[in-house]
Amino acid sequence: MTDPTTAPSGTERPDEGPNPGVAQISHGDVRELRGPLLVMGDVDDVGWDEFATVDFAGRERHGLVLEVDHDLVTLQVLEGTDAMAPGGVRVRFAGRPLRIPVGSGWLGRVCNGRGEPLDGGPPVTGDTTLPVSGWPLNPVYREPPQEPVLTGISVIDALTTLVRGQKLPIFSVPGLPHLTLATQIAAQATSGGTTFRVVFAAMGLTHADIAFVRDRLEERSAAGELVLLINAADDPVIERILTPRIALTIAENLAYTEGHDVLVIMSDMTSYAEAVREVSAARREIPARRGYPGYLYSDLASLYERCGRVRGQQGSVTIVPVLTMPAGDITHPVPDLTGYITEGQIVLSPEVAARGIYPPVDALSSLSRLMRSGAGAGRTREDHLDVAAQVLAALAHARQSAELAELVGAAALSETDRSYIAYRGLLEQGLLNQGHDDRRSLEDTLDRAWSALAALPRRELTMLSTEFLDRYLPSEPEAT
Amino acid sequence: MVAVGKPRTGAIVRVSGPLMEVDGVPDVSMLEVLAVGPQRISAETVAIAGNRATLQAYEYTGGVKVGDTVEATGSQLTGLLGPGLLGAVFDGLMRPLSSAPLWLTQDRTTSTDDPATMERIWTFVPSVAVGDQVSPGDVLGTVPGAGSVEHRALVPPGIFGTLTWLTSEMEVHALDPIARVGTQEVLLSERWPVRAARPFRDRTAGVVPLHTGQRVLDLMYPLARGAAAAVPGGFGTGKTMMLQQIAKWSDADVIVYVGCGERGNEMADVLDGLSQLVDERTGGKLIDRTVIIANTSNMPMMAREASIYTGICVAEYYRDMGYDVVVIADSTSRWAEALREFANRNGDLPAEEGYPANLASELAAFYERAGRVTTLGGQTASVTVIGAVSPPGGDMTEPVTTDTQRFVRCLWLLDRDLAYSRHYPAVSWTGSFTRDEEALGRWHTANGDPGWAPRRARAAALLAEADRLGDLAEIIGANSLPGHERMVLLGGRLLRDGVLMQNALSPNDGFCSAEKGAALLDLVLDVVDTCQQLVERGVSATTIEQADHGPVLRAREETGPADAAGVASRRADVVRKLEELS
Ligand SMILES: Nc1ncnc2c1ncn2[C@@H]1O[C@H](COP(=O)(O)OP(=O)(O)O)[C@@H](O)[C@H]1O
Ligand SMILES: [Mg+2]
């Protein structure tokens, strides 16, 4: 009884079916407009979380039902309530929560945060529709993630290996090249041999950033391997609540029905959380920390937990959320709650950036919790886990040596400490620093790690077996 | 319970996420479970005012409308307790997940009467005879093949008298009668409201350690059977890892692992790990002594609240059979957040950080269900509770952490700095405590290890002194300290790296027997003594510091999990090599 003996029967999701026509009845009794909220009166037969279309001044906006109370219905309007006046509003309810069409029709497309085309093409269609909120995956059907996703970026592949079905966020601060990194991952990532697809959900990005992302991902998009959803900084804020859900619904279908390995990149989750906070404030909910609602943890989990591998099935959903930590504060609710949900974190740091390193990953505070099952013999290379542990331990030592050097001067250091400082230089330039379009093979990456380690006396390499040392350690430190 | 008859129904008047209000259900009672709407979503009554009841929903409420019919079920949230729990996975409402579909949609039935459970066939082996006088807790018989402990079918609470009938069937199902006491039938499985504590005779006074297999806990902050412990720590400090290690290696009879609002991949990992590991004591698999309650963070939030009680209820069921049970809850903070979420939606006045004012009493009530007791059947058994706490921002002054500290016997505080420097388990020796050290010291003395308490006291003193000197060394430089103080610094390092650190992923080091733990600590303390003598004899501190301490530091990895002799045998060699320095 410990695990299901049969694989899940088929891949169909519950209650798939054609989209019913948009309901005809329209309601016009507006009771209140407040922030993104619209309260309608004299409504019946509307369910909680139902989707609605709001007609105002000849244009459509969209809403989700947040509360039904007798004949009152509270909606959050995705495009906001700006300019709306109680007089001319008409609301049509869809009769059920929001669903979107799914399938490979999304691949190669560029759409806005609600999934409407931005690329001049027709609206995306599909044979099936699925509710955007998804359903929780029965944990007994989960397969523990254990194969790597290779990004071609040395610091990630070597030290914080991303694993198929993992959720691994990038923590950054405003001004650092997290978007460049996220885009590079989106452009380069692959998983050994299987079909790989990317869903990139951009939230709250400036137009300059959007141009950069579109340009950089052009190739993968043209190859029909990528879906791009874009909510710009000047697009409606509340729409961001929907964007990741659409991205994940597309991704789950591509993974579990079409059998692809799907990587979902969501940037910037801080912008997403701000939209959640705005709705919460408009509802006058009691905040937990820094104005964010107490349910932010569960809300974020309902997104991040949509990653995974399913027993007996091909595909996988891997999630890389990107978020900026306000004032670089890792205890801020968004990074903090994210860290509680995700399986590790990749931390970017201004200090590393200041040393001229791209990507500016602070390797010592970064961690991929699933790396131990996704790297090593049979996954990447036999020496991978030990080499990564040794690189990090030596880096920690090198940091102390460097601090000591600042206190007492480099001349007063022991020879060992000096070798650690040399090691750090080699590591930073040989392994950690990398070009924006540079894609390195795993062999290359691990060999670079060994080259840096060669700067240390062999007796210092206590985490590596003699066997590995003999096999991989270059005899002379290589200059870079 | 209300007599069966006309269905008692009402109509939904308000829905706000998991909170619903319903009008007009006749005679609805607190905690009664109701079925809502055409999907028959489970919900529980949490407040009644006039003819209006407030419900908390255990499923996603999308699509529930004003006017939807609500039907009272007449019962509270119950678990079906019987053979077949061990090795299985349930959700927070105790519905088997093993037979649930891939995607957990709304329309799952309210009942726990899962066909796979109902159809399963068991053999009942009576151990009483018709005509015997029986009372609650007496063993009626056993059910072979139901996990790694003997499954005992007991006389349920409240049933006394003469045994008038025993089943003669070779094959029985969960809800088949197995015996009759007077006129009352006893079924193979029993329904029990999960929020109600199961009765026992009394709490027992004796203090007996629970061996966790984690050195820092067993040597420094030991836990008694039937006590409660909390593990607070920011994300990535190793809470889950520690709890999983305890689930694997502690010397309890039964483990109930409650994944409360945490990761799905972790549940898969627990299931996978325990299914592969062999239970040394029974030869079976560790999963066969484990019940998993999985309510991951993306499953409905209010079921998270119930899952904690479901876990305790299952634990008490096995306790009543006479077993030592450990309940592991990861994480109690997610449970508290569910309480907060509901209280806020219900408009309750918040106390600190939005938490309801009754947070402390709710936590106390939960941890108080731990205990070592004499069961109704007269056996000594226990429920030990270990809960993870996830303080927001790692802030140990937040309400759940501070309240929890008041109600537990042990606090295993995980320190972010230790975790970042990869010192695992990152149990802080400044912030952790155990309240049972003296009583446990007496137990060890009475059970063959009188050295336990003095050893622990020396280790604690060494750690504190090494910390103090370490701070000083940072200011004036270690080389300016006198030799004997530098030996304290060295000793502190050997103690931390050679004894307290423990690699959960290592086959040799993941589990540590009590004897090996004691041997490792003795080894380090002996080395420290030797080093101090050398300094006294004029050997330079630098020489001693630069000696090869590898054999001490690697002893935990290079000897088997229970190889105390292997550790002890290093002592002579290590000490001799040190003596050669003079
Ligand atoms: N005892 C240990 N041995 C080895 N690694 C550990 C140990 N404890 C924690 N870790 C490491 O720390 C990571 C985070 O631990 P985890 O228990 O998931 O943290 P938390 O539950 O507190 O967020 C693990 O993935 C593992 O890499
Ligand atoms: Mg955890």
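A polar contact is a pair of N or O atoms within 3.5 Å. By that cut-off, ligand 1 makes such a contact with Lys239(B): an oxygen atom of the ligand is 2.8 Å from an N or O atom in the side chain of Lys239(B). The model is predicted.

Two further contacts of ligand 1 involve chain B. An oxygen atom of the ligand is 3.0 Å from a polar backbone atom of Gly238(B). An oxygen atom of ligand 1 also lies 3.3 Å from an N or O atom in the side chain of Tyr424(B). In total, 14 residues surround the ligand. The closest are Arg369(A), Gly236(B), Lys239(B), Thr240(B) and Met241(B). The site is shared between chains, because residues from chains A and B surround ligand 1.

The interface of the two chains was examined next. Here, 68 residues of chain A are in contact with 72 residues of chain B. The size of an interface is often given as the accessible area lost when the parts come together. Chain A and chain B bury about 5900 Å² between them. Of this area, 56% is on carbon and sulfur atoms.

Polar pairing across the interface was also counted. There are 29 residue pairs in polar contact between chain A and chain B, both residues being at pLDDT 80 or more. The elements of chain A that give two or more residues to the side touching chain B are strand S5 (59–69), helix H4 (243–256), strand S17 (287–289), helix H6 (296–304) and helix H7 (333–341). H7(A) provides the largest share, five residues. By residue class, the side of chain A that touches chain B divides into 34 nonpolar, 16 polar and 18 charged residues.

Five salt bridges are found across the interface of chain A and chain B. In one of them, Glu67(A) pairs with Arg14(B), and the closest N and O atoms are 2.7 Å apart. Arg14(B) also stands opposite Asp69(A), within strand S1(B). S5(A) and S1(B), residues 9–16 of chain B, pair in the antiparallel sense over two bridges.

Chain B also holds an open sheet of three strands. Its order is S9-S11-S12, with antiparallel pairing. Strands S9 (125–126) and S12 (151–154) of chain B stand at the edges. Each has a single partner strand, so one side of each is left without a neighbour in the sheet. S11(B), residues 139–143, pairs with S12(B) in the antiparallel sense over four bridges. Thr142(B) stands opposite Arg152(B) in S12(B).

Technical notes. Residues are numbered from 1 along each chain as its sequence is written. Chains are lettered from A and ligands numbered from 1 in the order in which they are written. This is a predicted model: local features need pLDDT of at least 70, side-chain atom pairs count only at pLDDT 80 or more; totals for chains, interfaces and linings use all residues. Side-chain values use heavy atoms; hydrogens and water are left out. Contact means heavy atoms within 4.5 Å. Buried area is the accessible area (1.4 Å probe) that two parts lose on being put together, summed over both. A salt bridge is a side-chain nitrogen of Lys or Arg within 4 Å of a carboxyl oxygen of Asp or Glu. A polar contact is a pair of N or O atoms within 3.5 Å; within protein, one must be able to donate a hydrogen and the other to accept it, and residues adjacent in sequence count only if both atoms are side-chain atoms. Ala, Val, Leu, Ile, Met, Phe, Trp, Tyr, Cys and Pro count as nonpolar, Asp, Glu, Lys and Arg as charged, and the others, Gly among them, as polar. Two strands pair if DSSP finds at least two bridges between them. A residue is near a molecule or strand if one of its heavy atoms lies within 4 Å of it.
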